[in-house]
Amino acid sequence: MKNKLKSIVLLAVVYLNGLVAQTYEYPFRNPDLPLDVRVQDIISRLTLEEKVQLMKHAAPAIPRLGIPAYNWWNEALHGVARTKEKVTVFPQAIGMAATFDTEALQLMGDMTSSEGRALFNEDLKAGKTGSIYRGLTYWTPNINIFRDPRWGRGQECYGEDPYLTGKMGTAIVRGLEGSDSHYLKAVACAKHYAVHSGPEGNRHYFDARTSLYDLWDTYLPAFRELVMKAKVHGVMCAYNRLEGQPCCGHNELLQDILRNQWKFDGYVTSDCWAVKDFAHHHKTHSNDIDAVADAVLKGTDLECGDLYQKLQQGVQQGIISEKDINVSLARLFKIQFKLGMYDPADRVPYATIGREVIECDAHKAHAYKMAQESMVLLKNNKNILPLNASKIKRIALIGPNMDNGSTLLANYFGVPSEIITPYKSLKKRFGNTIQIDTLTGVGIVQKLEGAPSFAQVAAQAKKADIIIFVGGISADYEGEAGDAGAAGYGGFASGDRTTMKLPSVQTELMKELKKTGRPLILVNMSGSVMSFDWESRNADAILQAWYGGQAAGDAITDVLFGDYNPAGRMPLTTYMNDEDLPDFEDYSMANRTYRYFKGDVRYPFGYGLSYTTFAYQPLSNASVVKTGESIQVTTTVTNTGKRDGDEVVQLYVSHPQNGNTRVPLRALKGFKRIHLNKGESQTVTFTLSPEELALVDDKGNLVQKEGPVELYIGGGQPYKSEGSFGELKIEGEQYVVY
């Protein structure tokens, strides 16, 4: 009886303000303790053998401590990828870049992490942790600069411009990681750090060489933006070397810049099996033990691969210490704690997200909206578009991508319950009122065995009122080395392209179709640009449709028939021909992208047509700004046409005189997508910070100096759109931004 009374008294003591004190088997399980205390406690309980195993992407469970197995490798480039579940699939990243819509991209990231959380929560409840492509650490976004349109993986990026890439990358990071002050919804990862954009075929031993100017002016700004402003929690280092050092063992990139200058406190993962390249391909290290030790000492915390167990031998040989290993391990555990993996579910705000969000109506509607916004109308001869359905009795729908669902999914993709191709969309919408003749006619790169001749296809197409040719390529031909399995055909090499031309067999067929005299509309699907030499002169309309995700077909139909007014903009420059391009392996930015290319182009960066027109009032801004200060620039945009529509307002800055410092011809420093009804006006204001008014010097410093600045605001670049010019003078002592 006495013992029973003692127990009652003991229980009463732990009551405080109606709350019962919780006891935990280990301090690291206590969510009320400081994060660093929890991290150090869990590390202190591990053996060296356990520690090095936990630094690999397929981290095993440690049952004696209740540490679950966890696979760090997951993908979410344009929706949750590679899972066996049906999920929502948005347009490929390059298509989302064409929207110039950061708000839509952030919402897409939020929806993606909701679907991923639902799957993770389900696994956690079932005790099935550790499966690949089921974790919450997404190795996205890819913010490498699409410096050359031949790079197969460029489709995963947000275009050729560092400013656009940084803003779009920031949007998806914030969407994926959530807004809770304590817990992360998921973890984004900025990749591939840093100077990486092809070639795919020799990426495991390629040494990228670039000037300090290009490094800081082009290749690093987006990473800096995501680390210092978006506060991304993951970074992936690249396969290649930079100036002789492997990027995953690069002291300047990983320690000096990332950790010391930018104060990055997240985790760094290697690209998959990149550490193996140190000794086996780069030949910078004598063996794998030296390689793994150096990778960790330089700052690569996690290995995607199967070598980090050799760190134990590195400790035994004295080339790395257990203390060094603890530094990286602490960064990994901080990520897991911030995801709530060791906390009660009722503490984690995202733990209740369930299966009902996967492919919900709101997510499907947003995939549809982003597909619409991504469409870029490149040509519209005599305003042949939009088509009038009431005047069309018969359509000839031709081309290899007219009903190819896999093309719409691009690479690093999930699979939705329904994929709407152009054929399915047209059939659903007009099947009872318009006769739709489907004639594949040709494969992506070759003629179809046993198929009708081009002359026969054209003869059939001539019976129609209009010809819609849905061509382009697919991720089977451009993409990551090893994934683009059909790359053995002419024009492609290990996932990269060797020419910007549309596959010649498609152009040959269109030449026959042109002879029919029927209007010819080209819908092009690709993750990069085509030079469109013949097509730009002969097709009546060209619509760049990218790889548009699950709803691409409906978005294409909407644009063709005027149910949606296109406003996508090119995130890439369309050059005239292959001869305009420097050598693919040359990483100098001289004569590359709209910022430095001095020749004529077919369709410039930022370009896209609309079914309405817009007018810009003169810029309203102060004429002088002091170094180190910001300034606002304002204009009013009016829809002067007969249709409602979106306009992508773009602000470009150029420095006509700046001594001997290299300067871009012009550079995007602001953009905003707005919707205007016909006759409606809207005032748009941009704030130009010292960072946006500064230039990189030859030593890599971002410096603001005295001198004139030219401003332009319009729906594209100055020479291809109607807009407003302005001038600004910077005065004051030289100001170093960083």
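**Helix packing and local backbone features**

Helix α2 passes helix α13 in a right-handed crossing, a crossing being right-handed if the near helix is turned clockwise from the far one by less than a right angle, and left-handed if anticlockwise. Helices (H or I, at least four residues) and strands (E, at least two) are DSSP runs, numbered from the N terminus. The structure is a predicted model, in which local features need pLDDT of at least 70 and side-chain atom pairs count only at pLDDT 80 or more, while totals for chains, interfaces and linings use all residues. Residues are numbered from 1 along each chain as its sequence is written, and side-chain values use heavy atoms, with hydrogens and water left out.

The axes of α2 (residues 35–44) and α13 (residues 322–338) come within 9 Å and cross at roughly 120°; axes are lines fitted to C-alpha atoms, for helices over the stretch in contact, and angles run from 0 to 180 degrees between N-to-C directions. The angle makes α2 oblique to α13, where angles under 35 degrees count as roughly parallel, over 145 as roughly antiparallel, 65 to 115 as roughly perpendicular and the rest as oblique. On the α2 side, the contact (heavy atoms within 4.5 Å) is made by L35, D36, R38, V39, Q40, I42 and I43. Helix α13 contributes N326, L329, A330, F333, K334, F337 and K338. By class, eight residues of this contact are nonpolar, two polar and four charged; Ala, Val, Leu, Ile, Met, Phe, Trp, Tyr, Cys and Pro count as nonpolar, Asp, Glu, Lys and Arg as charged, and the others, Gly among them, as polar.

A second pair is formed by α17 (residues 454–461) and α18 (residues 504–514), whose axes come within 8 Å and cross at roughly 45°. The two helices are therefore oblique to each other, and α17 passes α18 in a right-handed crossing. Residues F454, A455, V457, A458 and A461 of α17 meet V505, E508, L509, E512 and L513 of α18. This contact of α17 with α18 comprises eight nonpolar, no polar and two charged residues.

Helix α5 (residues 102–126) has 25 residues and reaches 36 Å from its first C-alpha to its last, close to the 36 Å expected, that is, 1.5 Å times one less than its number of residues. At its N-terminal end, α5 is capped by D101, a side-chain oxygen of which lies 3.2 Å from the backbone nitrogen of E103. G127, with a positive phi near 70°, follows α5. Helix α5 packs against α6 (residues 162–177) at an angle of about 35°, with the axes 7 Å apart, and passes α6 in a right-handed crossing. Among the residues making this contact are L105, M108 and T112 of α5 and M168, A171 and I172 of α6. The contact of α5 with α6 has six nonpolar, six polar and three charged residues.

Several backbone features lie in loops. Most residues other than glycine have a negative phi, and most peptide bonds are trans. The peptide bond from G198 to P199 is cis, with omega near 0°, and P199 is found in the loop between β5 (190–193) and β6 (207–208). A cis peptide bond also joins L385 and P386, with omega about 5°; P386 is located in the loop between β11 (376–380) and β12 (394–398). K283, a residue other than glycine, has a positive phi near 60° and is placed in the loop between α10 (276–280) and α11 (288–298).

Technical notes: Polar contact = N/O pair within 3.5 Å; in protein donor to acceptor, adjacent residues only side chain to side chain.
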